[in-house]
Amino acid sequence: MHVHIFNPDDGILFLANGVTTVRNMSGRDDANALAERIDRGVTPGPTIYSSGPIINGPGTDWGAVATTPAEMRALIAGQARAGYIAVKLYETLPPALFSAGVSEARARGLQIYAHVPLSMSLDQVLSLRIDSIEHLTGFDRALSARPADGWDEARWAEADIRRIGPLARAVARSGVWNDATLVTLVDAPCSFADIAAAEASPDYRYASPRQRALWRSQYEEVRSQRDVREACAMAQRAHRIRLMMIRALRRAHAPLLIGSDAPQPFVYPGISLQRELGYHLDAGLTRAEILRIASYDAAHFLRRQGEFGEVKAGARADLLLLDGDPELGFEPLGRPAGVMAAGRWYNEETLMGLLEEAAQRAHGPAEH
């Protein structure tokens, strides 16, 4: 329920790891074209539900930039005409523009996904009853007295854990859903702490030369600013607090989503979901709860109840054939004996063949 998909081979990685539906968190032309080819059965992949391109505020060139309420309304009107199901509001928006975006999206029947802006508190965003908050943004500021001037894992690491329970109950009262993407928040920075091991992983064969160069450049940028081992240690300390937050949200009956934010550095489509499921298990959720969140609850969040996420007459034929019970262990999900996606059947041999072809396209034949 949180990915960025535009590469056809990413669709194969999702399918081969049992993912038949994704929420794409930044619309673009190539992603839209891929979704259309998947729907027609031309390209293997999951059904894609997509927000529009990110909408940001002044002072950045990241995403589409709105500087006035009129510009915000025009951007959202264009996204509605383009057929997106939601808008994604981002971090540099001032309160007036964020609120204008919420109002316009609501008027046009679009969902609202957001990073809590640096100009707003988590409470302010919750009061607007948006649909989802991504990566637990804003939670760190609600839990820590440390000054806020951007993304800072130290705020998580130094959080006042006495605030976790009351905050979870406030989130539950708001009805806003939360997608933590824990795998990106801890695994990506820790991959940089031992990049040689990350690049030696068997999964690295699925990274294209462009991705490999991008991840290396991101590593060099991080390394120039801080000790990568200390950055990993800080991310791990923050991760422990985030697990406590997830546990409290579940106990308060706040609605959750499960996503990975793939393809962040060394966070592979489909493959990384296994890690995310495991982290929710570490947070104290049961396997049955996690499976429900990742299927039935996801459909309800997207207002597609009865369309997917359950086995019933009239639902889309998205089915996994497994060699084990996922309520006893998640491992069978990572290598399904077969996947049916929108009524199209892929047996294990076919899936393995598609993966091999994807690896060859990414970086030549596999080494044995």
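I call a residue buried when its relative accessible area is under 20%, exposed when it is over 50%, and partly exposed in between (1.4 Å probe, protein chains only). With that cut-off, I find that buried residues make up 54% of the 368 residues in the protein.

**Basis of the entries**

The model is a predicted one, in which local features need pLDDT of at least 70 and side-chain atom pairs count only at pLDDT 80 or more, while totals for chains, interfaces and linings use all residues. Residues are numbered from 1 along each chain as its sequence is written, and side-chain values use heavy atoms, with hydrogens and water left out.

**Overall form**

I took helices (H or I, at least four residues) and strands (E, at least two) as DSSP runs, numbered from the N terminus. The protein has 16 helices and 12 strands. Its radius of gyration is 20 Å, close to the 21 Å that the globule rule gives for 368 residues, so the protein is as compact as a globular protein of that length. The radius is taken over C-alpha atoms, and the rule is 2.2 Å times the number of residues to the power 0.38. Along the principal axes, the C-alpha atoms fill a box of roughly 50 × 45 × 40 Å.

I then looked up contacts, meaning heavy atoms within 4.5 Å. Among those between residues at least 6 apart in sequence, 67% join residues at least 24 apart. For the surface, I note that the protein exposes about 15800 Å², of which carbon and sulfur atoms supply 51%; accessible areas come from the Shrake-Rupley method with a 1.4 Å probe, and for residues only the protein chains shown count as cover.

**Helix α16**

The 16 residues of α16 should span 22 Å, and the end C-alpha atoms are 23 Å apart, which agrees. Which residues of α16 are buried? They are Leu351, Leu354, Leu355, Ala358, Ala359 and Ala362. These residues cover an arc of only 140° around the axis, which puts them on the same side of α16; the arc is that of the directions from the helix axis to the C-beta atoms. On the face turned away from this buried side I find the exposed residues Glu349 and Arg361. The cover over the buried residues of α16 includes α1 (8-16), α11 (209-225), β11 (338-341) and β12 (344-347). At the start of α16, a side-chain oxygen of Asn347 comes within 3.2 Å of the backbone nitrogen of Glu349.

**Helix α9**

Helix α9 (residues 182-193) has 12 residues and reaches 17 Å from its first C-alpha to its last, close to the 16 Å expected. I count 10 of the 12 residues of α9 as buried, so this helix is largely enclosed by the rest of the structure. Among the buried residues are Leu182, Asp187, Cys190 and Phe192. What covers the buried residues of α9 includes α7 (153-157), α10 (195-200), α11, α12 (228-251) and α13 (271-282).

**Thr21**

Thr21 lies in strand β1 (residues 21-24). Is Thr21 buried or exposed? At 11% relative accessibility, it counts as buried. I next checked its polar contacts (pairs of N or O atoms within 3.5 Å; within protein, one must be able to donate a hydrogen and the other to accept it, and residues adjacent in sequence count only if both atoms are side-chain atoms). The side chain of Thr21 makes one with the side chain of Arg316 at 3.0 Å and one with the side chain of Asp318 at 3.4 Å. Leaving out residues up to four places away in sequence, Thr21 also touches others, including Met1, Pro46, Tyr49 and Phe308.

**Arg229**

Arg229 is found in helix α12 and counts as exposed, at 55% relative accessibility. I find its C-alpha atom 40 Å from that of Ala96, a residue 133 places away along the chain.

**Backbone geometry**

A cis peptide bond joins Ala262 and Pro263, with omega about 5°; Pro263 is in the loop between β9 (256-257) and α13.

Arg303 has a phi near 65°, a positive value in a residue other than glycine. Arg303 sits in the loop between α14 (287-301) and β10 (319-321) and is partly exposed, with a relative accessible area of 43%.

Ala342 has a positive phi of about 50°, although it is not a glycine. I place Ala342 in the loop between β11 and β12, where it counts as partly exposed at 32% relative accessibility.

Definitions and conventions
The expected span of a helix is 1.5 Å times one less than its number of residues.
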